[in-house]
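Please read this briefing alongside the sequence and the model.

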Amino acid sequence: MLAEKRHEYILQELKRKGSITVNEIKEELGISESTIRRDLNLLDEEGKLVKVFGGAVSAGFEVSGSEPSVTQKREININGKKLIAKYASGLIEPDDFVYMDAGTTTGCMIDYITEKRAVYVTNAVTHARNLAALGFRVILIGGELKGSTEAVVGANAIEMLRNYNFNKGFFGTNGISIKCGFTTPDINEAEVKKMAMCHCNHKIILADSTKFDNVSSVTFARIDTAKIITDEEVPAGYRDYNIYNVNG
C-alpha cells in the first residue's frame with residue numbers, strides 16, 4: 001500500500017474517533033510496526049497528529065497521562081522485548097546486586113536469567129514471585145501496590161531503596177525523548193525509579209523501539225544518564241547516546 005493511502009487511513013480514523021493504536025493500524029492494513037512508526041513519526045513532524053505511547057491522537061488532543069495495563073503492554077512488540085531481555089540477562093555476573101524495575105520487558109528477563117549467585121531486588125510482585133519460584137535469591141521492596149502495573153510504590157519503597165547500592169539496575173520506561181528523557185505516566189512510579197537509579201552503578205534502560213519519540217507525564221531521568229538496550233535502529237537524533245541495538 002502506498003504511503004499516501006496509509007496516511008489517509010490514519011488521519012481519517014483520527015478524525016473519526018480521536019485516537020488510534022499501532023495494533024489497530026497493523027490489523028487493518030496488514031503492515032509492519034516499523035512502517036507504522038515511520039508513518040506516525042512523519043505525520044507527527046508535519047503537525048497532523050501527536051504520536052503517543054502505542055499509537056497516536058489527533059493534533060488537537062492533549063497527550064494523556066494514562067497507562068495501559070500490564071496485560072495490554074505484554075502484547076506490544078513482544079518479540080522485540082524478548083530479544084532485549086535475553087541480551088540484558090546476559091549482563092548479570094556472579095555476586096551482582098541487581099535491581100529489577102517493574103515492567104513487562106524487565107519481566108521477560110526472568111525467562112533468560114541463569115546467574116544464581118546474584119541477589120535480585122525488585123518492586124514488582126510478579127517478578128519477585130517468579131524469581132523465587134526458580135530458586136533465585138530475591139528481595140521484594142515494601143510499600144503500596146499499584147494494581148494496573150503490579151508495582152510497589154510510595155514512601156516506604158523509596159526509603160528502603162535509599163539504603164541499597166546496586167551493581168546493575170534494569171529499568172522500563174514508557175517514553176524516551178532527547179528533550180524530556182525517560183518518562184512514565186505515574187509520579188509515584190517515577191519517584192521509585194528515580195531513587196533506584198540514583199543507587200545503581202550501571203543504569204540500563206530496556207526499551208523496544210516503540211518507546212522513542214514518546215513522552216509521558218513525568219520524567220525520572222535524563223537520556224544521558226543510562227545505557228539503552230533496544231531492538232531496532234533508533235531515530236537519527238539519538239545516535240550520539242549510549243544505545244545498543246540487539247539486532248545490530
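This is a predicted model: local features need pLDDT of at least 70, side-chain atom pairs count only at pLDDT 80 or more; totals for chains, interfaces and linings use all residues.

Residues are numbered from 1 along each chain as its sequence is written, and side-chain values use heavy atoms, with hydrogens and water left out. Helices (H or I, at least four residues) and strands (E, at least two) are DSSP runs, numbered from the N terminus.

**Seven-stranded sheet**

- Seven strands make up an open sheet with parallel pairing, ordered E6-E5-E4-E9-E12-E14-E15; two strands count as paired if DSSP finds at least two bridges between them.
- Strands E6 (137–140) and E15 (243–245) are the edges, and each has a single partner strand, so one side of each lacks a neighbour in the sheet.
- From one strand to the next the twist averages 20 degrees.
- Strand E4 (residues 97–100) runs parallel to strand E9 (residues 166–171), and three bridges join them. Tyr99 has Gly169 in E9 as its bridge partner.

- Axes are lines fitted to C-alpha atoms, for helices over the stretch in contact, and angles run from 0 to 180 degrees between N-to-C directions.
- Helix H9 (residues 187–198) lies across E4, E9 and strand E12 (200–206), at about 135 degrees to E12.

**Three-stranded sheet**

- The order E10-E11-E13 describes an open sheet of three strands, paired antiparallel.
- Its edges are strand E10 (175–177) and strand E13 (218–221); each has a single partner strand, so one side of each is without a neighbour in the sheet.
- Neighbouring strands here are turned against each other by 40 degrees on average, direction ignored.
- E10 and strand E11 (residues 181–184) run antiparallel and are joined by three bridges. Gly175 is opposite Thr183 in E11.
- H9 also lies across E11 and E13, running at about 10 degrees to E13.

**Helix H3**

- H3 (residues 33–45) has 13 residues and should span 18 Å at 1.5 Å a residue, which agrees with the 18 Å between its end C-alpha atoms. The expected span is 1.5 Å times one less than the number of residues.
- Its buried residues (under 20% relative accessible area, 1.4 Å probe, protein chains only) are Glu33, Thr35, Ile36, Arg37, Asp39, Leu40, Asn41 and Leu43.
- Gly47 follows H3 and has a positive phi, near 75 degrees.

How values were computed: Contact means heavy atoms within 4.5 Å. Buried means under 20% relative accessible area, exposed over 50%, partly exposed in between (1.4 Å probe, protein chains only).
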